[in-house]
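Welcome! Here is a short tour for anyone meeting this structure for the first time. Take a look at it, and then let us walk through it together.

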Amino acid sequence: MAINVPFDVTQIAAAEAARGGWWGVIKDFIRRRPLGAAGAAVVILLMLVALSANLIAPYDPVAVDFGAMLSRPSAAHWLGTDAFGRDVLTRLIYGSRTALLVGFGAAMIGATAGAVLGVGSAFFGGRVDLYLQRVMDIFIAFPLIILALAIVAILGNTLPNLIMAITIPMIPRCAIVIRSSALSIREMPYVDAARAAGFGNGRIILRHMLPNVMAPYLILLTSFLGQAILLEATLSFLGLGVKEPTAAWGLMLRGAAVDFAESAPWMAVFPGLAISLAVFAFNLFGDSLRDALDPKLRTL
Amino acid sequence: MWKYVVKRFILMIPTLLGVAVLIFVLMRIVPGDIVELRLAGDSSAVSEELLKTERARFGLDQPLWKQFGTWLWGLARFDFGTSMWTGASIAEELKLRFALSLQLAIMATVIGVAIALPLGVASALKQDSWVDYVARIVSIAGIATPGFWLGILMILVLLVVFRWLPPMVYTPFWVNPWQNLLQLIWPALAVGYRLSAVVTRMTRSAMLEVLREDYIRTARAKGLVETLILKRHAIKNAMLPVLTVTGIEFAALMGGLVVTEQVFNLNGLGLLFVQAVAHRDYTLTQALVLLVASVFIIVNFFMDVMYGWLDPRIRYR
């Protein structure tokens, strides 16, 4: 527990791999962290569903069938149909594409940009650090949902803009965590050695510091994944996410799902379950990853 | 200590100013302005002339730096101005809604903390037991479940099972406390669950860390009773990060209730914000964002100061 220095993931992985190969690493993770492994399994399943949506979905996600409006779950429609007679299961399956696309897109861009800013801020220190931190403070004081709302309002609600709106509030939140990890790395002898060897700032940051904040980076990334999916659902629910008739879980909960909640509860229950399950799985996996890599790091 | 407090206090000003600049600029970048939106309702063709006089009425024809200066000067005198959309005084518009959102945030925080502290401590004490597993699953689920969906489910269950719906019209607490609680307890529960999840996780990890400290081992070695070790040494020290995260979550609630308010048909700050942005009501949006950000920044300030007050080991620079 005394280890406070974020250590090199690649090194650990290499050491583990030497013992039993990558398969050994995976088996070890499953044995020691069953909860995290279960989360990872759901995540992988979700990805497979999203990739093969057009193969496994029983219906067309946008096909309107007024003959089957609001029909309850049956053999023909396992999870019922919505107010346009569209199959709920099909739209859930296609909705996973939207969720994962926005989730991975926003989390990867957000965490990466945050990591670069955080490491840069720690590396240069002094004035650069001070000003960057003040800017981060401003963005963090801005309520997350309000910032995302304003960005969608400015850019318009297409899928790339939605990813952007979710990414921007995440960057400062990531930069702050990474910066505190990078501050201790800056004092490491190998950074001094690199500087003494005459390497430029860019090389030191990219080759020597960034790889060493890999542990907090990966942990933040998985934690952001869940948050991004949740935020996407929230924005879609407010009507600021992707537009109809695109299938998205938050969008499915909007409008008719609430109006007909009493007579057709399947419309309100299943999309919410899908959101919760997906975010739950990502968080479960992220938690175990944190316990394995850097137990002292605190994320949400 | 006082030097630090003053310095930390002064540091709030640039942050607030930055928030003011950011929202001011953001609102001007959002396409479409309030004059166009207001006049779009009229079916008759709108003349350039009319647009011009209307813009001049709101002072939108002034250069940006001048508009910003006027706004700041008003703020300095605690004058938020009037809403561009309704023409009503913003201070009046905010008053009741702020009270509603504040009450909801306080209720959610109280509920959340009341659940989280015992759960988090138990989970840490019995690490890797079934108690721990249940607590962890319940709290991860709390972070994963969208509050608005939980709200929809609650209304659904109340309606289908109990054939009852919470009152739909807002009654201030000082008018009829029972009626008020009957309405607000549901959104408070929906939001409080998430808060309790965040706080449980923090309590657990802070407790786990403290329990491994040397002074706990020392206390055990000298034969101190376990309950005293917990009460006097462990919980007190573990509470610091818990306090911080509670403060941050509470502050975030003030502006983050947007969707929950929508589900429960509550006219709070969140709903007002969505309307204000949709109407391009510059003055109202700016005032709202600044208010919510101020709450966040001030809560953070108190957390930082309290940290040092509660933990004498923290040195100020």
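## A loop in chain B

Helices here are DSSP runs of H or I with at least four residues, strands are runs of E with at least two, and both are numbered from the N terminus. The phi angle of Arg163(B) is near 50 degrees, a positive value in a residue other than glycine. Is Arg163(B) buried or exposed? Arg163(B) is exposed, because 7 other C-beta atoms lie within 10 Å. A residue is called buried if 20 or more other C-beta atoms lie within 10 Å of its own, exposed if 12 or fewer do, and partly exposed in between, with C-beta atoms placed from the backbone.

## How to read the model

This is a predicted model, in which local features need pLDDT of at least 70, side-chain atom pairs count only at pLDDT 80 or more, and totals for chains, interfaces and linings use all residues. Residues are numbered from 1 along each chain as its sequence is written, while chains are lettered from A and ligands numbered from 1 in the order in which they are written.

For chain B the mean pLDDT (the predictor's confidence in each residue, from 0 to 100) is 83, and 95% of the residues of chain B reach 70 or more. For the complex, the predictor gives an ipTM of 0.83 and a pTM of 0.85.

Asn265(B) lies in the loop between helix H11 (258–263) and helix H12 (269–278) of chain B. Asn265(B) also has a positive phi in a residue other than glycine, near 55 degrees, and counts as partly exposed, with 14 C-beta neighbours inside 10 Å.

Helix H9 (residues 214–221) of chain B is hardly covered: of its eight residues, the number that are buried is zero. Just after H9(B) comes Gly223(B), with a positive phi of about 80 degrees.

Leu125(B) belongs to helix H5 (residues 90–125) of chain B and is partly exposed, with 17 other C-beta atoms within 10 Å. How far apart are the C-alpha atoms of Leu125(B) and Arg204(B)? They are separated by 8.5 Å, although the two residues are 79 residues apart along the chain.

## Chain A on its own

Chain A has 13 helices and zero strands. Its C-alpha atoms fill a box of roughly 75 × 50 × 30 Å along the principal axes. Of the 300 residues of chain A, 48% count as buried. Two residues are in contact if their C-beta atoms, placed from the backbone, lie within 7 Å. Among contacts in chain A between residues at least 6 apart in sequence, 70% join residues at least 24 apart.

Pro245(A) is in the loop between H10 and helix H11 (249–252) of chain A.

## Where the chains meet

How many residues of chain A are in contact with chain B? There are 36, and they touch 36 residues of chain B. On chain A, helix H5 (126–141), helix H6 (144–155), helix H10 (214–237) and helix H13 (266–293) each supply at least two residues of this side. H13(A) gives the most, with nine residues.

By class, the side of chain A that touches chain B has 26 nonpolar, five polar and five charged residues. Here Ala, Val, Leu, Ile, Met, Phe, Trp, Tyr, Cys and Pro count as nonpolar, Asp, Glu, Lys and Arg as charged, and the others, Gly among them, as polar.
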